[in-house]
Amino acid sequence: MSITLTKEKITATVKIITEYGGTGIFKCVQCGACSAVCPSIKAGFPVLCRLLIKKLLIGQLEEIIEEPSSWACQACCRCSEVCPQGVKPQEVVFAFRRFQANELAISTASTTSLIDLHATGHAAHTTTYRELRAGVGLPEQPPTTVSDAKGLQEVQTILENCLMGELGFY
Ligand code: SF4
Ligand code: SF4
(Lines give C-alpha, C1' and ligand atoms only; values in the text may rest on other atoms or scores of the structure.)
(Ligands and ions follow the chains in the order given, each with its own letter.)
Protein backbone atom coordinates (compact mmCIF):
# COMPACT_ATOMS: atom_id res chain seq x y z
CA MET A 1 0.00 0.00 0.00
CA SER A 2 2.79 2.41 0.92
CA ILE A 3 4.52 1.66 -2.43
CA THR A 4 1.35 2.59 -4.32
CA LEU A 5 1.08 5.86 -2.42
CA THR A 6 4.74 6.66 -3.11
CA LYS A 7 4.31 5.95 -6.79
CA GLU A 8 1.27 8.21 -6.89
CA LYS A 9 3.18 10.94 -5.14
CA ILE A 10 6.12 10.63 -7.53
CA THR A 11 3.83 10.71 -10.55
CA ALA A 12 1.99 13.75 -9.19
CA THR A 13 5.27 15.52 -8.39
CA VAL A 14 6.77 14.93 -11.82
CA LYS A 15 3.48 15.90 -13.48
CA ILE A 16 3.44 19.24 -11.66
CA ILE A 17 7.04 20.06 -12.61
CA THR A 18 6.44 18.90 -16.19
CA GLU A 19 3.46 21.23 -16.42
CA TYR A 20 5.73 24.07 -15.32
CA GLY A 21 8.16 23.26 -18.14
CA GLY A 22 10.61 20.73 -16.68
CA THR A 23 10.86 17.69 -18.94
CA GLY A 24 12.86 14.47 -19.01
CA ILE A 25 12.92 13.90 -15.24
CA PHE A 26 12.30 10.16 -15.56
CA LYS A 27 15.26 9.83 -17.98
CA CYS A 28 17.75 10.93 -15.29
CA VAL A 29 20.13 8.15 -14.18
CA GLN A 30 21.62 10.22 -11.35
CA CYS A 31 25.13 10.18 -12.83
CA GLY A 32 25.94 13.61 -11.40
CA ALA A 33 27.57 15.04 -14.54
CA CYS A 34 25.30 18.08 -14.35
CA SER A 35 26.13 18.79 -10.71
CA ALA A 36 29.86 18.55 -11.44
CA VAL A 37 29.72 21.55 -13.77
CA CYS A 38 27.16 23.69 -11.94
CA PRO A 39 28.65 26.97 -10.69
CA SER A 40 25.78 27.57 -8.29
CA ILE A 41 26.37 24.23 -6.53
CA LYS A 42 30.02 25.22 -6.19
CA ALA A 43 28.81 28.50 -4.67
CA GLY A 44 26.95 26.62 -1.95
CA PHE A 45 23.44 26.02 -3.32
CA PRO A 46 23.23 22.19 -3.34
CA VAL A 47 19.64 21.44 -4.38
CA LEU A 48 20.10 21.89 -8.12
CA CYS A 49 20.75 19.48 -10.99
CA ARG A 50 21.16 15.86 -9.80
CA LEU A 51 19.99 16.46 -6.22
CA LEU A 52 16.93 18.48 -7.20
CA ILE A 53 15.94 15.79 -9.71
CA LYS A 54 16.54 13.08 -7.10
CA LYS A 55 14.19 14.80 -4.69
CA LEU A 56 11.55 15.04 -7.41
CA LEU A 57 12.09 11.37 -8.32
CA ILE A 58 11.31 10.36 -4.74
CA GLY A 59 8.21 12.52 -4.70
CA GLN A 60 9.48 15.35 -2.51
CA LEU A 61 7.97 18.64 -3.60
CA GLU A 62 6.24 20.30 -0.67
CA GLU A 63 9.20 19.15 1.47
CA ILE A 64 11.59 21.36 -0.49
CA ILE A 65 9.25 24.20 -1.40
CA GLU A 66 11.24 26.75 0.63
CA GLU A 67 14.61 25.54 -0.69
CA PRO A 68 16.60 28.63 -1.80
CA SER A 69 19.00 26.87 -4.22
CA SER A 70 16.75 27.22 -7.26
CA TRP A 71 16.92 31.00 -7.01
CA ALA A 72 20.69 30.89 -7.36
CA CYS A 73 20.64 29.20 -10.78
CA GLN A 74 22.55 31.35 -13.26
CA ALA A 75 20.83 29.86 -16.32
CA CYS A 76 24.24 29.04 -17.79
CA CYS A 77 22.87 25.74 -19.19
CA ARG A 78 26.14 23.87 -18.56
CA CYS A 79 24.09 21.13 -16.88
CA SER A 80 21.95 20.64 -19.98
CA GLU A 81 25.01 20.57 -22.25
CA VAL A 82 26.70 17.70 -20.40
CA CYS A 83 23.73 15.45 -19.59
CA PRO A 84 24.24 12.09 -21.34
CA GLN A 85 20.54 11.34 -21.09
CA GLY A 86 19.28 14.46 -22.82
CA VAL A 87 17.66 15.78 -19.66
CA LYS A 88 17.67 19.56 -19.38
CA PRO A 89 18.28 20.14 -15.66
CA GLN A 90 18.20 23.92 -16.12
CA GLU A 91 14.62 23.65 -17.35
CA VAL A 92 13.76 21.45 -14.38
CA VAL A 93 15.24 24.07 -12.05
CA PHE A 94 13.26 26.85 -13.68
CA ALA A 95 10.08 24.77 -13.60
CA PHE A 96 10.58 24.15 -9.89
CA ARG A 97 11.20 27.87 -9.41
CA ARG A 98 7.95 28.68 -11.23
CA PHE A 99 6.18 26.24 -8.91
CA GLN A 100 7.73 27.97 -5.90
CA ALA A 101 6.79 31.44 -7.18
CA ASN A 102 3.24 30.31 -7.81
CA GLU A 103 3.08 29.15 -4.19
CA LEU A 104 4.72 32.43 -3.07
CA ALA A 105 7.61 30.40 -1.65
CA ILE A 106 10.20 32.95 -2.72
CA SER A 107 13.49 32.98 -0.85
CA THR A 108 14.95 36.04 0.83
CA ALA A 109 18.00 35.72 -1.44
CA SER A 110 15.70 36.00 -4.42
CA THR A 111 13.80 39.04 -3.15
CA THR A 112 17.13 40.72 -2.41
CA SER A 113 18.30 40.13 -5.96
CA LEU A 114 14.95 41.26 -7.38
CA ILE A 115 15.14 44.51 -5.46
CA ASP A 116 18.70 44.94 -6.73
CA LEU A 117 17.61 44.14 -10.28
CA HIS A 118 14.97 46.86 -10.07
CA ALA A 119 17.39 49.40 -8.58
CA THR A 120 20.37 48.73 -10.83
CA GLY A 121 19.39 46.57 -13.81
CA HIS A 122 21.45 43.62 -12.62
CA ALA A 123 20.70 41.07 -9.94
CA ALA A 124 23.10 39.89 -7.25
CA HIS A 125 22.51 37.26 -4.60
CA THR A 126 24.62 39.07 -2.07
CA THR A 127 24.32 42.54 -0.62
CA THR A 128 28.11 42.72 -0.32
CA TYR A 129 28.98 42.41 -4.00
CA ARG A 130 30.07 46.05 -4.23
CA GLU A 131 32.66 45.53 -1.49
CA LEU A 132 33.72 42.21 -3.03
CA ARG A 133 34.24 43.83 -6.44
CA ALA A 134 36.12 46.75 -4.94
CA GLY A 135 38.29 44.29 -3.01
CA VAL A 136 39.66 42.82 -6.25
CA GLY A 137 40.11 46.18 -7.92
CA LEU A 138 36.91 46.31 -9.96
CA PRO A 139 34.43 49.21 -10.07
CA GLU A 140 31.77 48.71 -7.40
CA GLN A 141 29.05 48.41 -10.05
CA PRO A 142 29.38 46.10 -13.07
CA PRO A 143 28.94 47.66 -16.55
CA THR A 144 25.23 46.93 -16.87
CA THR A 145 22.01 48.89 -17.27
CA VAL A 146 22.87 50.79 -14.10
CA SER A 147 24.87 53.24 -16.22
CA ASP A 148 22.10 53.70 -18.80
CA ALA A 149 19.21 55.78 -17.38
CA LYS A 150 16.85 55.02 -20.28
CA GLY A 151 17.62 51.31 -20.22
CA LEU A 152 17.21 51.18 -16.45
CA GLN A 153 13.83 52.86 -16.72
CA GLU A 154 12.79 50.25 -19.28
CA VAL A 155 13.90 47.43 -16.97
CA GLN A 156 11.94 48.99 -14.11
CA THR A 157 8.83 49.38 -16.25
CA ILE A 158 8.98 45.70 -17.23
CA LEU A 159 9.48 44.58 -13.64
CA GLU A 160 6.69 46.77 -12.32
CA ASN A 161 4.24 45.51 -14.93
CA CYS A 162 4.95 41.78 -14.67
CA LEU A 163 3.37 39.46 -12.12
CA MET A 164 6.30 39.86 -9.74
CA GLY A 165 5.51 43.59 -9.61
CA GLU A 166 2.18 42.80 -7.97
CA LEU A 167 4.00 41.28 -4.99
CA GLY A 168 5.16 44.73 -3.88
CA PHE A 169 8.90 44.12 -3.62
CA TYR A 170 9.73 47.43 -5.30
S1 SF4 B 1 21.82 26.34 -15.57
FE2 SF4 B 1 21.61 26.60 -13.35
S3 SF4 B 1 21.48 24.50 -12.55
FE4 SF4 B 1 22.35 24.37 -14.62
S5 SF4 B 1 24.59 24.42 -14.39
FE6 SF4 B 1 23.92 26.53 -14.72
S7 SF4 B 1 23.61 27.38 -12.67
FE8 SF4 B 1 23.65 25.14 -12.47
S1 SF4 C 1 23.61 14.69 -16.06
FE2 SF4 C 1 21.53 14.09 -16.69
S3 SF4 C 1 21.37 11.92 -16.13
FE4 SF4 C 1 23.15 12.76 -15.03
S5 SF4 C 1 22.31 13.41 -13.02
FE6 SF4 C 1 22.23 15.18 -14.36
S7 SF4 C 1 20.16 15.14 -15.26
FE8 SF4 C 1 20.57 13.12 -14.40
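Two residues are in contact when they have heavy atoms within 4.5 Å. The exercises below use this term on a predicted model.

**Exercise 1.** Find which residues Thr13 is in contact with, leaving aside its neighbours within four places in sequence.

*Solution.* Start with the location: Thr13 lies in helix H1, which covers residues 2-19. Next, take its accessibility. Buried means under 20% relative accessible area, and Thr13 counts as buried because its relative accessibility is 4%. Then list the partners: with neighbours within four places left aside, Thr13 is in contact with Leu56, Gly59, Gln60 and Leu61. For a distance along the chain, take Leu159, 146 residues from Thr13; the C-alpha atoms of the two are separated by 30 Å.

**Exercise 2.** Determine where the buried residues of helix H4 lie around its axis.

*Solution.* First name them: in H4, residues 49-57, the buried residues are Cys49, Leu52, Ile53 and Leu56. Around the axis they cover an arc of only 95°, so they are on the same side of H4. Leu56 is also one of the contacts of Thr13. Another of those contacts, Gly59, comes just after H4 and has a positive phi of about 80°.

**Exercise 3.** Decide whether Asp116 is buried or exposed, and find its polar partner.

*Solution.* Asp116 is placed in helix H7, residues 108-120. Its relative accessibility is 11%, and therefore Asp116 counts as buried. Its side chain makes a polar contact with the side chain of Tyr129, at 3.4 Å. Not counting residues up to four places away in sequence, Asp116 touches Gly121, His122, Ala123, Ala124, Tyr129 and Arg130.

Definitions and conventions: Residues numbered from 1 in each chain as written. Chains lettered and ligands numbered in written order. Predicted model: local features only at pLDDT ≥ 70, side-chain atom pairs only at ≥ 80, totals over all residues. Heavy atoms only, no water. Buried < 20%, exposed > 50% of the residue type's maximum accessible area, 1.4 Å probe, protein only. Helix = DSSP H or I, 4+ residues; strand = E, 2+ residues; numbered from the N terminus. Arc of directions from axis to C-beta. Polar contact = N/O pair within 3.5 Å; in protein donor to acceptor, adjacent residues only side chain to side chain.
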